[in-house]
Amino acid sequence: MRTPLLLLHGFPMDARMWRPLVERFQHERVVVTPNAADLLMGDGPPTIERMAKTAVETLESTAPGAPAVVVGLSMGGYVALEIARRFPDRVAGLVLADTRATADTEDGKAARNAMIEAVRAEGVMAGTRPLREKLLAPNASERVIRAVNEIIEEQDPDAVVACLEAMRDRADTTNVLKAFAAPVLVVRGTDDALIAAQVAEETARLPANGRLETIRRAGHVPPMEYPFGFNAALTDFLRGLAG
Ligand code: MLT
């Protein structure tokens with residue numbers, strides 16, 4: 001069996017973010033695309049750890065026993081790194097797109113709390129505006145802007161708040177990445193306003209077997225903004241794994 005893909009989407013979206021990638025890969029391998037809202041269902045505080053555990057359970061129910069290439073974009077990258085910490089045997093390779101291994105700073109946590117209040121008071125679209133304004137490259141097409149907004153508009157405010165709490169409280173995973181032995185591809189859109197080039201470069205240098213690929217003209221969401229480039233980078237990575 002070819003190596004399955006576990007795709008973990010960014011905030012404040014859902015698994016529809018991966019549609020172009022699913023269309024490209026679903027005929028050749030198992031592709032598992034959980035929604036963050038589902039990963040956080042059930043009792044207990046919302047945490048990235050819980051998302052990681054439920055994501056691996058979801059993978060296990062679809063492709064039992066098979067290590068997967070775990071692809072995480074931004075918030076999904078936080079979950080992917082937590083999977084690498086807790087379930088390294090389930091990870092054949094990591095693709096970390098437009099994300100970071102460091103935890104939130106104190107200012108970052110304060111911004112999360114402000115956004116939590118804003119989402120509760122004003123709803124998802126208005127509450128996440130400061131982030132939404134930075135998601136896409138300045139030259140993003142109307143079609144991509146519409147597709148992203150359609151997804152965000154449909155998110156449940158309680159799930160959005162839960163994701164914000166989980167991201168605010170997440171642990172640093174720098175040491176996880178330093179100790180990680182399997183191949184790691186770090187991807188960044190050249191116009192990403194949320195993850196600086198230097199952050200992506202440093203992230204790619206942490207693991208023993210890491211490299212960085214940039215996606216030209218894309219912002220923070222390359223799989224939607226420039227799917228051809230993102231899919232080509234992933235195809236190349238998968239070929240390197242021979243799976
Ligand atoms: C995302 O795209 O998932 C978010 O930018 C992550 C974050 O806010 O840290």
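How many helices and strands are there in the protein? With that settled, please show me how helix α5 and helix α9 pack.

Mentor: The model before us is a predicted one. There are 13 helices and six strands in the protein. Let us begin with the pair you named.

Helix α5 covers residues 106-122 and helix α9 covers residues 157-168; their axes lie 10 Å apart and form an angle of about 170 degrees. Because angles over 145 degrees count as roughly antiparallel, α5 is roughly antiparallel to α9. On the α5 side, the contact is made by Lys109, Arg112, Asn113, Met115, Ile116, Val119 and Arg120. On the α9 side, Pro157, Val160, Val161, Leu164, Glu165, Met167 and Arg168 take part.

Helix α3 (residues 48-62) and helix α4 (residues 75-86) have axes 8 Å apart, at an angle of about 75 degrees. Since angles of 65 to 115 degrees count as roughly perpendicular, that is how α3 stands to α4. Here Ile48, Glu49, Met51, Ala52, Lys53, Ala55 and Val56 of α3 meet Met75, Tyr78, Val79, Glu82, Ile83 and Arg86 of α4. The residues of this contact divide into nine nonpolar and four charged, with no polar ones.

Leu185 belongs to strand β5, which spans residues 184-189. This residue has a relative accessible area of 0%, so Leu185 is buried, the cut-off being under 20%. Beyond its neighbours within four places in sequence, Leu185 is in contact with Leu94, Val95, Leu96, Arg211, Glu213, Ala233 and Phe237. Leu185 and Arg2 are separated by 183 residues in sequence, yet their C-alpha atoms are 18 Å apart in space.

These parts may now be placed within the whole. Of the 243 residues, 53% count as buried. Among contacts with a separation of 6 or more, 77% come from residues 24 or more positions apart. Along the principal axes, the C-alpha atoms fill a box of roughly 50 × 40 × 35 Å. The protein exposes about 10,700 Å², and carbon and sulfur atoms supply 50% of that area.

Note on methods: Residues numbered from 1 in each chain as written. Predicted model: local features only at pLDDT ≥ 70, side-chain atom pairs only at ≥ 80, totals over all residues. Heavy atoms only, no water. Axes fitted to C-alpha atoms, helices over the stretch in contact; angles between N-to-C directions. Helix = DSSP H or I, 4+ residues; strand = E, 2+ residues; numbered from the N terminus. Parallel < 35°, antiparallel > 145°, perpendicular 65-115°, else oblique. Contact = heavy atoms within 4.5 Å. Buried < 20%, exposed > 50% of the residue type's maximum accessible area, 1.4 Å probe, protein only. Areas by Shrake-Rupley, 256 points an atom, 1.4 Å probe, with all protein chains shown as cover. Nonpolar A, V, L, I, M, F, W, Y, C, P; charged D, E, K, R; others polar.
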